[in-house]
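Have a look at the sequence and the model first.

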Amino acid sequence: MIAGRALVSTSSDPAQGPELEIVHLLRATTVELGLHSARFAQRNGMHPTDVRALIALMDARRARQELSAGRLGTVLGLNSAGTTALVDRLERAGLVRRARGRQDRRTVVVELEERAMALGRSFFGPLIDRSVELLRGYDAHQLAAIRGFLTGVREAAAGDGGAAGRGA
């Protein structure tokens, strides 16, 4: 990396092939997105795990699902003590609140405060807007291909990276 930027080779090495070139571009994009997220965390006095928690809560909200603190911890790979410290930190910052579950009032769920949504929108909004603008340049077939590729990579990364079945 040079000055916070990932080194990306966009040369068309015939031995590399277009598939590997795209994989390397995806890796570079992932690095840049990580740096962008780290800047957000730093500017707002957060730990990177705080940002991951807010993203998980936003995803749950968009899917109209509730997340208990325990489930949030599982999603983030945290133990109970780490999850409690995380939720306490985000609550003190005014970004989340604990509330009774809608389906089961005995359950305590973690919900985003509007302040967290506004904070995320103010920082990530321009990147999201630019991404949407780029995607509008593709037809439905191309969008389906992009979605399929990204879903497959995400599933591979969430699992064992596809090593199973290859003797790896």
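In which helix does I22 lie? I22 lies in helix α1, residues 17-43; helices here are DSSP runs of H or I with at least four residues, strands are E runs of at least two, and both are numbered from the N terminus. Before going on, keep in mind that this is a predicted model, where local features need pLDDT of at least 70, side-chain atom pairs count only at pLDDT 80 or more, and totals for chains, interfaces and linings use all residues. Residues are numbered from 1 along each chain as its sequence is written, and side-chain values use heavy atoms, with hydrogens and water left out.

Now zoom out. The chain has six helices and three strands, running in the order α-α-β-α-α-β-β-α-α. Of its 168 residues, 23% count as buried (buried is under 20% relative accessible area, exposed over 50%, partly exposed in between, with a 1.4 Å probe and protein chains only).

Back to I22: at 47% relative accessibility, it counts as partly exposed. Next stop is helix α2, residues 48-62. Among the buried residues of α2 are V51, L54 and L57. After α2 comes R64, with a positive phi near 60°.

Because R61 sits in helix α2 and E114 in helix α5, the pair ties together parts 53 residues apart in sequence. R61 is partly exposed, with a relative accessible area of 41%, and E114 is partly exposed too, at 44%.

Another salt bridge joins E111 and R102, at 3.6 Å from N to O. Here E111 counts as buried at 18% relative accessibility, whereas R102 counts as exposed at 54%. R106 and D104 also meet in a salt bridge, 3.0 Å from N to O. R106 is exposed, at 71% relative accessibility, while D104 is partly exposed, at 28%. Salt bridges that share partners join E66, R97, R102, E111 and E113 into one network.

Notes: Salt bridge = Lys/Arg side-chain N within 4 Å of Asp/Glu carboxyl O.
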